[in-house]
Amino acid sequence: MIRLVLVDVDGTLTVDRNSYEIELSAIESLRRLEKNGIKVGLVSGNSYPVLRGLYTYFYFHGGLVAENGCIVYYNELVRVCEPIDKSLAEKFSKIFNVISSWQNEFKCCDLSFTPPTLSDKMIEWAKNMGLYIKSSGYAIHISKSQTGKGIGVRKLIELHNINKSEVLGIGDSSTDIEFFEEVGIKVAVGNSDEEVKKVANYVTLNNSGKGVVEIVDKILKGELDGRN
Ligand SMILES: O=C(O)COP(=O)(O)O
Ligand SMILES: [Mg+2]
């Protein structure tokens, strides 16, 4: 029985993977889950203030995981990672001529940069600095801990005191693969990275937010957890 649905934001709740426009029909759909007793949570590389704002006004009640797993909120705020030296934001953006996200000012542990293209030189620099580096397709992320959304999702599920088999996750990019390892049912939206589709239990026919609408319909019909 699905009791919690966790959704990535950029590329999953948006109209497409290269857009910041929220697919409003996806939000309306997820609210149907909440009305049917299934809580909805957000899991993203975005900062806590951004995610807490979205979570509050989407009127979801399943909690959130921000900063690619480092910050968890569900009735209480839990920081799961080591803080990063924030001066690295300016250093990294100068060395590689990338834009340091405005959100970095509001982050503790995971810094992000655009454009999202990861180069071998960046990977080598991060390794030499003892940092971890990845790209979500929207931004490059560097952190001190080997964070991943999975570490935060595991903590959030613990706070819910439920089993991972009762949790369904929806995502689109490589940063969602660790997230998927911590949930029972893994859903990739239709335009996901191929590596995400490979590990998914279900790939939606529709892309991004419309894929969320599609999967919510299936959940409510009981088609995904063996009830139909
Ligand atoms: O912050 C990013 O890089 C993208 O965010 P996401 O984890 O919601 O896809
Ligand atoms: Mg995403």
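Two strands pair if DSSP finds at least two bridges between them. Strands (E, at least two residues) and helices (H or I, at least four) are DSSP runs numbered from the N terminus. This is a predicted model, in which local features need pLDDT of at least 70, side-chain atom pairs count only at pLDDT 80 or more, and totals for chains, interfaces and linings use all residues. Residues are numbered from 1 along each chain as its sequence is written, chains are lettered from A and ligands numbered from 1 in the order in which they are written, and side-chain values use heavy atoms, with hydrogens and water left out.

**View 1. S11 and S12 at one end of the sheet.** S11 and S12 run parallel and are joined by 2 bridges.

**View 2. The open sheet of 8 strands.** The strand order is S5-S4-S3-S2-S1-S10-S11-S12, and the pairing is mixed. Strand S5 (77-79) and strand S12 (202-203) are at the edges with a single partner strand each, so one side of each has no neighbour in the sheet. Strands of a sheet pair through backbone hydrogen bonds, either parallel or antiparallel.

View 3. S10 (residues 167-171) is mostly covered, with 5 of its 5 residues buried. Val-167, Gly-169 and Gly-171 point one way from S10, and Leu-168 and Ile-170 the other way. Strand S1 (residues 4-8) pairs with S10 in the parallel sense over 4 bridges, and Leu-6 has Gly-169 as its bridge partner in S10. S10 also pairs in the parallel sense with strand S11 (residues 185-188), over 4 bridges. In S11, Gly-169 has Lys-186 as its bridge partner, and Gly-171 has Ala-188.

**View 4. The surroundings of ligand 1.** The residues around ligand 1 (a heavy atom within 4 Å of it) include Asp-8, Val-9, Asp-10, Ser-44, Gly-45 and Asn-46. Also among them are Ser-136, Tyr-138, Ala-139, His-141 and Lys-149. The polar contacts below are pairs of N or O atoms within 3.5 Å; within protein, one must be able to donate a hydrogen and the other to accept it, and residues adjacent in sequence count only if both atoms are side-chain atoms. An N or O atom in the side chain of Asp-8 is 2.9 Å from an oxygen atom of ligand 1. For a polar backbone atom of Val-9, the distance to an oxygen atom of ligand 1 is 3.3 Å. A polar side-chain atom of His-141 lies 2.6 Å from an oxygen atom of ligand 1. The protein covers 96% of the 280 Å² of accessible area that ligand 1 has on its own (Shrake-Rupley method, 1.4 Å probe).

**View 5. Met-1 beside Glu-166.** Met-1 is found in the segment before S1 and is exposed, with a relative accessible area of 59%. The C-alpha atoms of Met-1 and Glu-166 are separated by 5.7 Å, although these residues are 165 residues apart along the chain.

Definitions and conventions
Buried means under 20% relative accessible area, exposed over 50%, partly exposed in between (1.4 Å probe, protein chains only).
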